[in-house]
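Work through the exercises below with the sequence and the model at hand. Each task is followed by a solution in steps.

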Amino acid sequence: MGKRKKSSRKPAGPRKKDPLETNFTCLFCHHDKSVSVRIDRKEGVAQLFCKICDQRYQSKANHLTEPIDIYSEWIDAADAAEREATSTRRPVASSSRPARAPSVGSDDD
């Protein structure tokens, strides 16, 4: 003998997707929601720009690209540029002794 069938629930409808942000915080001027991302899927180009400091970034886009992806690429590109700038500079040799200030009017004449 089989068990009794429980009353079935009605199937739940599709969940609402919350829209992702398209305005972000600028890396350079630190203003909230000043960076906008525009994606032209037809042309395959995404543009990011800051309304305050006029910082711009452009990247390739495809049909899966979202604004947060472009913002993340911008952060990675800025970090890479900063690392490249610091690696090209020669490190300055440091000494454990404090540097003496040059005397302008010495009495040792």
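**Exercise 1.** Which residues form the negative surface patch?

Solution. The model is a predicted one. In it, the negative patch consists of Glu 66, Asp 69, Glu 73, Asp 76, Asp 79 and Glu 82. Take Asp 76 as one of these residues; Asp 76 is located in helix H1. Its relative accessibility is 49%. Exposed requires over 50% and buried under 20%, so Asp 76 counts as partly exposed.

**Exercise 2.** Classify the ring pair of Phe 24 and Tyr 71, and state where the two residues lie.

Solution. The structure has three aromatic pairs. For Phe 24 and Tyr 71, the ring centres are 4.5 Å apart and the planes stand at 15°. Planes under 30 degrees apart count as stacked, so this pair is stacked. Next, locate the residues: Phe 24 belongs to strand S1 (residues 23–24) and Tyr 71 to helix H1 (residues 67–88), so the pair ties together parts 47 residues apart in sequence. Both Phe 24 and Tyr 71 are buried.

**Exercise 3.** Is Phe 28 buried or partly exposed, and how is its ring placed against that of Trp 74?

Solution. Phe 28 has a relative accessible area of 47% and is partly exposed. Trp 74, at 3% relative accessibility, is buried. The ring centres of Phe 28 and Trp 74 are 5.9 Å apart with planes at 55°, so the pair is tilted. Phe 28 sits in the loop between S1 and strand S2 (35–40), and Trp 74 in helix H1, so parts 46 residues apart in sequence are tied together. Finally, Phe 24, Phe 28, Tyr 71 and Trp 74 make up one aromatic cluster.

Conventions
Residues numbered from 1 in each chain as written. Predicted model: local features only at pLDDT ≥ 70, side-chain atom pairs only at ≥ 80, totals over all residues. Heavy atoms only, no water. Phe/Tyr/Trp six-rings, centres within 6.5 Å; stacked < 30°, edge-to-face > 60°. Helix = DSSP H or I, 4+ residues; strand = E, 2+ residues; numbered from the N terminus. Buried < 20%, exposed > 50% of the residue type's maximum accessible area, 1.4 Å probe, protein only. Patch = residues over 30% accessible without salt bridge, like charges linked within 9 Å, V, L, I, M, F, W, Y side chains within 5 Å. Areas by Shrake-Rupley, 256 points an atom, 1.4 Å probe, with all protein chains shown as cover. Salt bridge = Lys/Arg side-chain N within 4 Å of Asp/Glu carboxyl O. Lys, Arg positive; Asp, Glu negative; His and termini not counted. Charge placed at Lys NZ, Arg CZ, Asp CG, Glu CD.
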